[in-house]
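Please look over the model below with the aromatic side chains in view. My points follow it.

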Amino acid sequence: MDNTNKLFRENLEFIIAATGIGLWDWELDTGHVIYSPEWEAIAGYAPGELPQSVNSWINLVLAEDMPDVDAIIDRVMAGETSYYQSEFRLRRKDGSIIWAQDKGIVTERHDDGKPRRIVGVLQDVTRLKQVENELDNTSKQLELIAKICGLSFWEWDMAKNHIYYRKNHLEMLGYDPNEITGSLEEWRSLVHPDDLDRTD
């Protein structure tokens, strides 16, 4: 290995350690999986403590989330895609639950094309999920307040010259979403002719 490749690998290891991203390498024929120390840390285990088997991962994923994950893996196994990505809840060693984002790609195949090896990364995205939920709750609260106050919302994307209407705005106008195109000309047609001069 030349100095450039060695330096690249060392820097990559530093980046992986700094970001806390876990690596995994799955041999499909045997079910053997190599979990990096960062992967094990995400799950709450010490390096080398987690059995290096696909069952270790399966046992940590909440049962309610496995059907969706299995469906994605089935697509990979069927050759529909070489890329795997899923999000699921994972039970850590101490019993706490986190949200994890898992991504992988087929790196080796058998002669018949069936996947033989998949490598990927695991990342704790619990904080992102919490922020998403907070934003969703805030949005629902704003919609409730708007409904109580008789207000409605719309947004004009000036770059695309497209208007996005919130559901309550369309309800106020008496339209279904599939009846509105979002064009500026359409918006003008909804404004009373006597009021158009004040909108320019």
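1. The model is predicted, so local features need pLDDT of at least 70 and side-chain atom pairs count only at pLDDT 80 or more, while totals for chains, interfaces and linings use all residues. Residues are numbered from 1 along each chain as its sequence is written, and side-chain values use heavy atoms, without hydrogens and water.

2. There are 3 aromatic pairs in the structure (rings of Phe, Tyr and Trp, the last by its six-membered ring, with centres within 6.5 Å; planes under 30 degrees apart are stacked, over 60 edge-to-face, the rest tilted). One of them joins Tyr-35 and Trp-39, tilted, with 4.4 Å between centres and 45° between planes.

3. Tyr-35 is buried at 5% relative accessibility, and Trp-39 is buried at 1% (buried is under 20% relative accessible area, exposed over 50%, partly exposed in between, with a 1.4 Å probe and protein chains only).

4. Trp-57 and Phe-88 form an edge-to-face pair, because their planes stand at 70°, with centres 5.9 Å apart. The pair links distant parts of the chain, 31 residues apart: Trp-57 belongs to helix 3 (residues 54–60) and Phe-88 to strand 3 (residues 83–91). Helices (H or I, at least four residues) and strands (E, at least two) are DSSP runs numbered from the N terminus. Trp-57 is buried at 8%, and Phe-88 is buried at 0%.

5. Lys-129 sits over the face of Trp-99, 4.6 Å from the ring centre (NZ of Lys or CZ of Arg within 6 Å of the centre and within 35 degrees of the ring normal).

6. Leu-173 is in helix 6 (residues 167–173) and is partly exposed at 35% relative accessibility.
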